[in-house]
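Visitor: I am new to this structure and would like a close look at a single part of it. Please keep the account plain.

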Amino acid sequence: MNLRKTILATGVAFSALATASFAHAEPTAEVLHWWTSGGEAKAVSALKEDFEARGGKWVDSPVAGGGGDAAMTVLRSRVLSGDAPAAVQLKGPAIQDWAEQGALADLNDVAEAEGWDKVIPPAIQSVMKYEGDYVAVPVNIHRVDWIWANPELLAKVGATEAPKTWDEFNALADKLKAAGITPVAHGGQPWQDATVFETVVLGLGGPEFYQQALVDLDEDALKSDTMKAVFDQMRKIRGYVDADFPGRDWNLATAMVMNGNAAMQIMGDWAKGEFLAAGKVPGKDFICSATPSEHGYLFNVDSFAMFNVSGDDKVEGQKLLAELIVGQKFQETFNLLKGSIPARLGVPLDKFDDCAKKSEADLLAAQDAGGFLPSMAHGMALRGHLSGAIIDVVTAHFNSDMSSDEAVSRLVEAVELAKD
């Protein structure tokens with residue numbers, strides 16, 4: 001019996017429950033997540049307080065470790081036994097996977113009452129919806145395509161700002177290297193290699209090419225001269241990192257920039273949290289600048305999917321939780337702690353730093369230009385087996401003397417095999 005049939009066989013009659021009267025039910029929500037430390041844990045606690053202030057009963061189900069892998073193992077077991085949590089931390093195509101199995105609840109009534117279509121960017125709506133129905137709610141927007149730079153090190157080679165083109169990037173990196181300064185802080189882990197790779201795809205090819213290559217998986221784009229140029233640029237960047245990069249965690253690479261041991265890092269805006277936690281000030285102690293592109297913006301969105309549950313109290317709690325997550329208060333609280341920006345448009349950014357304000361301004365410009373795009377490296381653009389095929393080739397190229405021609409050939413082959 002496949003998973004969809006198993007789910008349906010549990011007899012969860014959510015559609016009937018959705019039309020029931022909730023007047024006397026105490027809103028109850030079990031929340032399965034893996035935010036167990038730091039600012040994320042504080043943000044979840046803030047959501048819990050808001051939920052309880054509205055008369056709700058919060059059942060916390062944290063599963064630490066594995067970047068969510070352990071939580072997904074628990075989730076699958078719970079769903080198969082007919083005991084799904086009300087809300088589960090999920091992201092990207094994983095939401096669609098569960099929706100296809102018939103496991104997710106319809107949130108359209110909350111969405112309509114709260115006007116989500118007017119305040120959630122269309123590209124993110126498409127991730128939160130399945131066949132036109134809201135089944136999940138976004139928590140934040142992380143921008144992936146950032147350069148974080150040490151202004152003191154840039155000044156040593158006469159630079160006052162981060163590069164605006166990849167040619168400028170290479171020229172600056174060459175000057176830094178000649179001056180004995182490590183140009184790029186990098187951690188040799190596949191997802192970090194892929195993070196750099198997708199920013200280069202966006203920068204050299206532009207938003208339309210990125211869409212064709214890393215979202216649509218168009219073969220002509222994958223085997224194009226532009227993709228060869230992307231691998232050429234990756235080879236250059238490989239020459240700008242220090243010899244000790246293999247296996248380094250991303251936050252240690254950020255610390256290299258912070259402490260003056262490297263000039264730049266290409267990383268999402270979670271890196272900003274490291275600078276801020278150390279008391280560093282944007283524009284003074286560090287520079288935040290988009291990687292070179294023409295109105296491109298790669299997003300990574302955390303979210304909660306709402307699973308089918310039994311009982312008026314659980315259904316009401318689920319809907320209350322969804323309302324609070326998209327509400328302005330939580331969107332502000334969470335993102336101030338996380339380093340990201342609100343997924344809800346129009347949340348005042350008075351309390352946010354200049355990097356966050358630039359992120360939202362660039363987001364709006366990218367939307368208008370068709371450049372607001374899902375991150376392949378961070379699980380937003382493709383199902384896991386497809387992105388994994390790409391990342392395997394990217395990291396194999398970055399960590400060897402593989403030619404760009406061979407990398408392109410392997411990329412096309414890997415994607416074709418993964419599609420099958």
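Visitor: At what angle do α11 and α19 pack, and how far apart are their axes?

Guide: This is a predicted model. In it, α11 and α19 pack at an angle of about 115°, and their axes are 9 Å apart. That angle makes α11 roughly perpendicular to α19. The crossing in which α11 passes α19 is right-handed. On the α11 side, the residues that meet α19 are P190, D193, A194, F197 and L214. Their counterparts in α19 are I390, I391, V394, T395 and F398. Sorted by class, the residues of this contact are 8 nonpolar, 1 polar and 1 charged.

Take α11 first. Helix α11 covers residues 190-215, and helix α13 covers residues 225-238. The two pack at an angle of about 155°, with 10 Å between their axes. That makes α11 roughly antiparallel to α13. Here too the crossing is right-handed. From α11, the contact takes in D193, V196, F197, V200, V201, L204, G205, F209 and A213. From α13, the residues are T226, M227, A229, V230, F231, Q233, M234 and I237. The residues of this contact divide into 13 nonpolar, 3 polar and 1 charged.

Helix α19 spans residues 384-398, and helix α20 spans residues 404-419. Their axes come within 9 Å and cross at roughly 160°. That makes α19 roughly antiparallel to α20. The crossing of α19 and α20 is right-handed. In α19, the residues involved are H385, L386, A389, I390, V393 and H397. They meet S404, A407, R410, L411, A414, V415, A418 and K419 in α20. By class, this contact holds 9 nonpolar, 3 polar and 2 charged residues.

The chain goes from β1 to β2 through helix α3 (residues 38-53), in a right-handed β-α-β crossover. Strand β1 also pairs with strand β3 (residues 87-90), in the parallel sense and over 2 bridges. Residue L32 has a place in both pairings: L32 stands opposite S61 in β2, and the bridge partner of L32 in β3 is V88.

Another open sheet has 3 strands in the order β9-β8-β10, with antiparallel pairing. Its edge strands are β9 (264-266) and β10 (287-290), and each pairs on one side only. From one strand to the next, the twist averages 20°. Strand β8 (residues 146-149) pairs with β10 in the antiparallel sense over 4 bridges. One of the residue pairs here is W146 with its bridge partner A290 in β10. Helix α18 (residues 354-369) lies across β8 and β10, running at about 10° to β10.

To return to the part you asked about: α11 is roughly perpendicular to α19, α11 is roughly antiparallel to α13, and α19 is roughly antiparallel to α20.

Key: Residues are numbered from 1 along each chain as its sequence is written. This is a predicted model: local features need pLDDT of at least 70, side-chain atom pairs count only at pLDDT 80 or more; totals for chains, interfaces and linings use all residues. Side-chain values use heavy atoms; hydrogens and water are left out. Axes are lines fitted to C-alpha atoms, for helices over the stretch in contact, and angles run from 0 to 180 degrees between N-to-C directions. Angles under 35 degrees count as roughly parallel, over 145 as roughly antiparallel, 65 to 115 as roughly perpendicular and the rest as oblique. A crossing is left-handed if the near helix is turned anticlockwise from the far one by less than a right angle, and right-handed if clockwise. Contact means heavy atoms within 4.5 Å. Ala, Val, Leu, Ile, Met, Phe, Trp, Tyr, Cys and Pro count as nonpolar, Asp, Glu, Lys and Arg as charged, and the others, Gly among them, as polar. Two strands pair if DSSP finds at least two bridges between them. A crossover is right-handed if, with the strands pointing away from the viewer, the path from the first strand over the helix to the second runs clockwise.
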